[in-house]
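Hi,

Here is the structure I promised to pass on. Have a look at it first, and my notes follow below.

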Amino acid sequence: MKLMVVDDEPIILNGIIRMIEKAHTPFIEIIGANDGVDAMHKLATFQPDLILTDIHMPEMDGLTLIKEIQSLNLCNKFVILTGYGDFAYARQALRYQVIDYLLKPINKEELMNVLERIGRTIQNEQKQIIEHDLLLLKEHILFNTQFDDLPFKPEQLQSLIPHPYTTIIVIQATDHLPLLTTESLSSKGTHLARIFQKLYTFQSRFLQQIIIITNSVHLPTNEDLQLACGELFGTERKQGSGFCIGVSIRKNDNERIRDLYIEAMAAMLFNRYFSSSTITLYKPESAYIHQNFDKLVQYIERSIDEQLSIEQIEKDVQSILPHFPGNTVSNNKLREQFLICVSVYLQSVGLTPEAIWGEHAASKLFLSNNTLHADIHISEIIAQLIQYIRTSNHHQPNIHTIDKIVAFVEQNYKLDLSLDAVADHVQMHPNYISMLFRKEMGLTFLHYLHTFRINKAKQIMHENPEWPITTIAEQAGYENPRQFFKVFKKFENITPGQFRLENSSF
């Protein structure tokens, strides 16, 4: 954690810094500033978690400094240093979200107690921020919510994933086995913890998957991955039963982390249908899968939207086939590539090949020892898939569903509303909800949720001009003030403090 100490008396300033450094507090990085102006200059390159500042200083006093820092969202935790004569002034400063005040001369034990207490608070908040950022990352990876629609930029992944090698492991239960729990992973995944410096997990009940995102300094070997996954399950996977595992690895490419997930899911599906090994590692030479997958998804979605006839689909599919080079009847590699793309798409909308073709027919299509029969052309497979999806979506009352979701958000916007939580409420797949919002409202669900919350926050600021920003954030549905600042700045291009100043004539 980072700490800034601001005092215009060099002896006091250096004494406080030395005192803190010797005491081994949670604050590892500490810098000093000679006055408010010097502090603002240093804040351009150093963003502290806590600021200790004197009140009386030349040019810019402590309270003016705090107001300026708050308006720019450079820090939200302050402790003021004051003399006995300024006691009433110090109490007044508590209105400006100052956590505590310390009387000069500084008592070492009192200072350490304050720093320990605030350090624990900051650690809890940082944990909450990581958990929230992981939820946003889950929205991006699983439901293809673009970074532009999230209060989350690709560069923020650097704090979550700081090391060169990022690995995604996708695990899917078969034969109706229950998913692994986070507790189970924590107790069994000791080898995973040894080979990866960062490790995050989340589950998707709709996709029946557990996704492990790991980050490491060194490239994990196949042996490392086999040992880690074998440790999780205890026994070697048998084809068609147990758990299917797919892995993909990239170096220094966090902005394309969803592609990494698609690769891992493709490897998992290959593992399920075409392999008998414990896990399948995505091969870099299979990079064409992204283009093929995108083309397939675009065509499926367009054919559903435009209500194309099955005959038209079978004609149109000829334009897709060149993207799957090779003999379309008997080429085994072609069939694998195409059917994995189909399976990845079905996974993304909560379906399986068995749901469309039935277990017997699906096994004929997907088992690697069967060639694609002449009477089962790729065009027919696509047509059958589209017909099934069109029929299953045809009876969904779009406007009624949107109204139901909007009403749910308006009543529960203060809760931690993820797309999964809303999907649970309306009993629909998250990806289908995303598609509805884009189609009916022209924006994503998260964009709508944040817009609603920000409008609530502006209304609260208008009605309660004296309320602190932390209270406003909480009332608008943001548990963490920093997250509120990030979202507000993204959607309004100014901070909440600046908005309130500009609209103080309300």
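The side chain of Ser71 has a polar atom 2.8 Å from the backbone oxygen of Glu68. That is a polar contact (N or O atoms within 3.5 Å, one able to donate a hydrogen and the other to accept it; residues adjacent in sequence count only if both atoms are side-chain atoms). Keep in mind that this is a predicted model: local features need pLDDT of at least 70, side-chain atom pairs count only at pLDDT 80 or more, and totals for chains, interfaces and linings use all residues. Residues are numbered from 1 along each chain as its sequence is written, and side-chain values use heavy atoms, with hydrogens and water left out.

Ser71 sits in helix H3, residues 62-71 (helices are DSSP runs of H or I, at least four residues, numbered from the N terminus). Ser71 counts as buried because its relative accessibility is 12% (buried is under 20% relative accessible area, exposed over 50%, partly exposed in between, with a 1.4 Å probe and protein chains only). Leaving aside residues up to four places away in sequence, Ser71 touches Thr495 and Gln498 (contact means heavy atoms within 4.5 Å). Arg500 is 429 residues from Ser71 along the chain, yet their C-alpha atoms are 9.5 Å apart.

What about disulfides, and how many are there? The count is zero, going by cysteine sulfur atoms within 2.5 Å. Cys75 is buried at 6% relative accessible area, and Cys244 is buried at 1%.

Cheers

Technical notes. Helices (H or I, at least four residues) and strands (E, at least two) are DSSP runs, numbered from the N terminus.
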